[in-house]
Amino acid sequence: MIKAVLVINTQGKPRLTKFYGFLTVEKQQELIRSVFGVLCSRAEKVSNFMEVDSIFGPDSRLVYKHYATLYFIFVFDSSENELAMLDLIQVFVETLDKCFRNVCELDIVFNYNKLHSILDEIISGGQVLETSSTEIMRAVEEISKSESASNSISIVPKTVSGWRSR
Amino acid sequence: MLYIFMLGYDVDFGHMEAVSLISAPKYPEKQVGYIVTSSLLNENHDFLRLAINTVRNDIIGRNETFQCLALTMVGNIGGREFAESLAPDVQKLLISSSCRPLVRKKAALCLLRLFRKNPDVVNVDGWSDRMAQLLDERDLGVLTSSMSLLVALVSNNHEAYWSCLPKCVKTLERLARNQDIPQEYTYYGIPSPWLQVKTMRALQYFPTVEDPNTRRSLFEVLQRILMGTDVVKNVNKNNASHAVLFEALALVMHLDAENEMMSQCVALLGKFIAVREPNIRYLGLENMTRMLMVTDVHDIIKRHQAQIITSLKDPDISIRRRALDLLYGMCDVSNAKDIVEELLQYLSTADFAMREELSLKAAILAEKFAPDLSWYVDVILQLIDKAGDFVSDDIWFRVVQFVTNNEDLQPYAAAKAREYLDKPAIHETMVKVSAYLLGEYSHLLARRPGCSPKEIFSAIHEKLPTVSTTTIPILLSTYAKILMHTQPPDPELQKHVWAIFSKYESCIDVEIQQRAIEYFALSSKGAALMDILAEMPKFPERQSALIKKAEVAEVDTAEQSAIKLRAQQHMTNALVVTDQHSLNGTPQSVGQLSLVKIPSISGDEHTSADQELSQANGTLATVDPQPPSADLLGDLLGPLAIEGLPGAAVLSEPNAVSGLEGVPIPADDAAAIVPVEKDTNSVQPIGNINERFYALCLKDSGVLYEDPNIQIGIKAEWRTQHGRLVLFLGNKNTFPLLSVQALILPPVHLKIELSLVPETIPPRAQVQCPLEVMNLHPSRDVAVLDFSYKCGTSMANVKLRLPAVLNKFLQPITVSAEEFFPKWRSLSGPPLKLQEVVRGVRSLSLIDMANIFTSFQLTVCQGLDPNPNNLIASTTFYSETIRPMLCLIRIETDPTDRTQLRITVASGDPTLTFELMEFIKEQLVGFPTAPRPPAPPAAPVAQPTNPAALTDPGDLLAGLL
């Protein structure tokens, strides 16, 4: 099962974190920091695997991929295939690419909930849900359609007005 | 909020709002609600309970997007409660034909999560058929999810899902052979690699494939995968195809296919570890390591040894580690020499993160597969030379052990050590080893050039300024040994060494100081030095600590337990080499014990700590820095004690005793001392037995009995009605005590079990005898230990009361006024409440009396009694037959006449009340100066024999030293 999905930029700032087991905030931050510490010391052109038993506890593996300014990191246990996970990162990124047309870090920062819904279409509860990026796109589009169909009130103003009324 | 959370700030607000958004009717609000909830809250959060109903409504509702949201959320954070209330609905969704695939695949994973949280939700009997149906699914999304679900179910209980196995194989065929899938599911030209991988994973959870047809078609597919994969340019395609390939390899290994297929696999792996693509190289190495454990493919793998060794130089540390693991795994007698030498060479260039592991592994391999021992010594010395910082102490201890146990090796090792000493800069560990080896065995080299004692001494002494305080003691020992081996004595060398000793006599480090002083004193003894500083005895053969360490370090996954198994097999082989020496190892333990004895009684913790140490030493193979020194001291003290004790103390003592013969020894047979031979040989106790007994009634450890030959210490732990006593029988003499016997004469109310007491106690050793006590019912009777031993020709016998007395089974308890008075009133009159006026009590102030009570585990309750001259105490009594019983005590004193008081005792048990009353009377009347002997074992009042003269052999020794 997949334990965590992390997207960290090259400065070590987390851009997307999703843990499929409950961890306290402090623990999560600690893990992110230590993972980044190891990652940034690795050279280009080396394998995409790391042994992270010391960080995530026994029986854990980590694969990562480096795209432009972002590291995409999947942490999982021995019941998953490493290369398949690497492919999954590729699918994730391809989907993002289709979604945002040439995805970049800013897209991820500003479309936070969209990113979450895409991830939820790919992985659910630590298991692979869908691997075809076309299918994923279809699901995501559907979501955004129903979002706009309820024609509304985007969330931000609502919250703001909520504040005012208090 | 999520963003704040992700950046690492604690978000403890807004949870309620998020949860309530879930029930909002509009999609965006609902979506935000679900996403925030599933990220922020954990499965046991209270708020989630509020949401269950809404979630359920969404799941059974008609709106599919809402269903999806709800399923995703439950799939991510659903807990037990969710499992209980939602599982049936989710199952229904999964198998319903009216739902779209989008919903059903989510339902599958949601069910998986619920199943993980609560395995009972999936009814095994009915579900396996449905599972089989699900595997016929055409939509690959649903199929992938279902396969994940199947993997979880099968890993839990494969029996029930046999019917799914052929389906899995069929799916695999469909994907790999027929390539019969929709376009969007091919990933870089490969039909859904994930599904293939998952399917093969699922197959690995079944122990075997029995049906021949299924088996045949499965192997056909596997063969196709194995053969049809090639390394291509496109990275992504490569990854995908190899993901499938490696999974196929794993499956082949699992099914343990015919040898042909296996060798095919190895050939493939051999190809992989040479490719440019680092990922594949990594996995190739890893899988080879795994393969080593599964089958006997050693020889084929060995062909790739050169390639693997090149991988050690890979720029990627992950790959280097894998290569190291593989080398470690594939090493055996035939290739050990090459591999270890390769590792040694690599050591000087390896990065720091790996060096420790590397040196440990090299040492283990060298030890396990050494073709001859001199090679082993070479390897370890090189290892220390190259990576001294990373060589743990265990490694050099082990070398020393080997050398000590193998006489042939000694000159060689000493010569080697000498060579290394000539190097300009050597590591401190090397100084330690060389010094030790040269100290012990340099005399074997005496005739070689450059190896005269003086030269060796100066070579070692050169290093002294550079080493730390842990090494100096070793050097000092070496000097002493060199001095001893120099025959005829060389006055100049002697002077030099003495100067060093006297310099360190005031060293701040105790260990160094002690050694310096002792060696100085000893070396001035001349010829006697020879006996004292004799060669180290052989070490008892033990399991290598290194191998142990490696075993512990290994993670306990299935594959690695296989490594362990192999390692253990090898280890037994390795041990055979030196097995014949194991018999010689016994004297050492005695040597250690003799040291343990010195601190005598008061050092109970001391002894146990030392004992632990020697135990640890028994299991570990290392020569801890402690034991050698202990041994040395043992060696040192042995002869001295022989000189001292028999000459001065023991011989003079019979006279002293005979002078005291006239001390009245009561004639009744409960006498503490029953002299067997009524001549001067009878032994007299040191100290007052009664006083010791009464002291022990109040505390839990101390000396029960002591005479010139033996000392019996006691240490007790009491818990409710159970007690555990340990008797420490310490032989104070330098000759063994024979026919030691200890019998317990328990009173009826105590159940006492004494473990076996050894018949002989070795000289200056201490033996522990645990003793289990259980209290059956209240009584003041005391257990008696009948102890006898033979010392020389005389037989000694003592009867000692054991301090397992009533108050040991009491536990203090504080009672408030609200509890006390109703209880006090409810226990009205005899036999539950007894009152007595006692006269002739020692006059005690109230505070003293309170202190006595506290020491007997009675809690004095302040302020319960309005009269300040009265005292109220409470306690709980534990025994096997009656439940824990609250006891209440009231003492009324007369301020004008302190010798008179009225005692009232109340408890729920008549015997207890009576016994407690009598007990308190005894304590108050007799305590503590003139103990009125309790009824059964009337112990005599023995006069203490002049304690100043021979209290402690330790003192005696100190005086002599």
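Five helices each supply at least two residues to the lining of the second largest cavity: helix 5 (112-122) and helix 6 (133-149) of chain A, with helix 3 (27-40), helix 5 (64-77) and helix 7 (101-117) of chain B. Helices here are DSSP runs (H or I, at least four residues), strands are E runs of at least two, and both are numbered from the N terminus.

This is a predicted model: local features need pLDDT of at least 70, side-chain atom pairs count only at pLDDT 80 or more, and totals for chains, interfaces and linings use all residues. Residues are numbered from 1 along each chain as its sequence is written, chains are lettered from A and ligands numbered from 1 in written order, and side-chain values use heavy atoms, without hydrogens and water.

A cavity is a set of points on a 1 Å grid over the protein atoms alone where a 1.4 Å probe fits but cannot get out; lining residues have an atom within 4 Å of a point. The count is 12 cavities of 30 Å³ or more.

| Lining class | Residues |
|---|---|
| Nonpolar (Ala, Val, Leu, Ile, Met, Phe, Trp, Tyr, Cys, Pro) | 9 residues |
| Polar (the others, Gly among them) | 5 residues |

Chain B has 39 helices and 16 strands. Of its 961 residues, 56% count as buried, meaning under 20% relative accessible area with a 1.4 Å probe, protein chains only.

Notes
1 Å grid on protein atoms, 1.4 Å probe; cavity = no way out; pocket = protein on both sides within 12 Å on 5 of 7 lines; lining within 4 Å. Points joined across faces, edges and corners; volume = space filled by probe spheres on them. Buried < 20%, exposed > 50% of the residue type's maximum accessible area, 1.4 Å probe, protein only.
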